Every structure is written in structure tokens, then in C-alpha cells.
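Welcome, and thanks for taking a look at this model with me. Let's walk through its rings, core and surface together.

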Amino acid sequence: ALHKLGYPVRKMEEGLAERIRLNDKFRSKRSALAATVALEHMTALLGFKLLTQEHVRALFDDQVLPIWMWHAVEEMEHKAVAFDAYQEVFGDYLPRAIALVTTTAGLFGTAHLFQYYLLKRDGLAHDPKLWAKGLWRLWGPNGLLLDMLPQWLEYFRRDFHPWQQDDSALIA
């Protein structure tokens, strides 16, 4: 739908696919699995946020909200699979911790880059007030993402496990 409206989504997807291919070519299996564990942690946090915060759900179009709700549940259901595999195969703390930092930077860096491409199509990519407003809305004191910081930080505990936050009732 965005492609039909003239947004460069295919270019964005191709660029992301190429970046993933390059990452996979140059990183170890340990690093790749640690990155997956980190991404799964973040997607579980985002899923929890969507399922528990009405003001977040209100931001979604009614036609796409059900698929995002389903996806949020799906992310939370398997939030420990990659973690358990990593612990079984490698188990070392430092690569897991480093992966959360680098993967978080990569995820949000990519999201902001994609936002740039979308805004560029509308002629708004170089509007500093718009960027400041958007970044404040995400990361400011009452930002959409800032309240996830405590759960994100829990990951850095050596004894962390994703199911220490039992979401089974929410998932059901």
C-alpha cells in the first residue's frame, strides 16, 4: 500500500536485507544468536507495551490493530526460545549483554532511517522541528518508549531470564 502511494518501501526493504546479509557474512554464530536473543527481548517488551497500554493501541488504525495484537502475543509467547538456546549452546554473559546495546542501536537507528525515507517522500525529512517533536514523543519524559527502560535494563542482570516477567495470563 505504501509503495502504491509512492513511498520507497522496496528500496528500504532491499537495503535492510543487504545489511542483514552483510552482518551474517561477518559475524560469528555466537554473535548472530546473541543478536537474535536481544531482538526477541525488545520485541517482547514492545508486545507487552501494546497489549497493556490503551494509549498505544489508540495510535493504530482499527484495520491493522488486530494483526499487531496477534503479533504482540506471538512475540511474547516465544520470548525465551532464543534465550534458552543461547544459554544452552554458549551461555556467556558478555556477548549477550553487548548484543543488546548494539542491536538496540541498530534497531532504532534503522527505524529512524526508515522514518527519514518516508518523510523525504513528503518533503519533510529536513524539518528539524518535526524531528525534535518526534524524538521527544518517543524518548521524552512521557515518551512512548522511555517507560520500557527498566525492563530493558533487567536484561543486563547475569541471572536474567525472559520468563522472570510471567506474561502467561496476558498471553492467554
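Over the ring of which residue does the charged end of Lys79 sit? The charged end of Lys79 is over the ring of Trp163, 4.4 Å from the ring's centre.

## About the model

This is a predicted model, where local features need pLDDT of at least 70 and side-chain atom pairs count only at pLDDT 80 or more, while totals for chains, interfaces and linings use all residues. Residues are numbered from 1 along each chain as its sequence is written, and side-chain values use heavy atoms, with hydrogens and water left out.

## Overall build

The chain has 9 helices and 0 strands; helices (H or I, at least four residues) and strands (E, at least two) are DSSP runs numbered from the N terminus. Its C-alpha atoms fill a box of roughly 50 × 40 × 30 Å along the principal axes. Of its 172 residues, 30% count as buried, where buried means under 20% relative accessible area, exposed over 50% and partly exposed in between (1.4 Å probe, protein chains only).

## Charges and rings

Rings of Phe, Tyr and Trp (its six-membered ring) pair if their centres lie within 6.5 Å; planes under 30 degrees apart are stacked, over 60 edge-to-face and the rest tilted. Ring pairs join Phe83, Trp152, Tyr155, Phe156 and Phe160 into a cluster.

## The core

The largest nonpolar core has 16 residues, and Val37, Ala38, Leu100, Trp152 and Tyr155 have the most contacts inside it. Such a core is a set of buried Ala, Val, Leu, Ile, Met, Phe, Trp, Tyr and Cys residues joined through side-chain atoms within 4.5 Å. Helix H2 (29-52), helix H5 (81-89) and helix H6 (93-121) each supply at least two residues of this core, and H2 gives the most, with 5 residues.

Val73 lies in helix H4 and is buried, because its relative accessible area is 18%. Val73 and Ala44 are 29 residues apart in sequence and 8.4 Å apart in space, C-alpha to C-alpha.

Val64 is found in the loop between helix H3 (54-57) and helix H4 (65-77). Val64 counts as partly exposed because its relative accessible area is 36%.

Note on methods:
A charge sits over a ring if NZ of Lys or CZ of Arg is within 6 Å of the ring centre and within 35 degrees of the ring normal.
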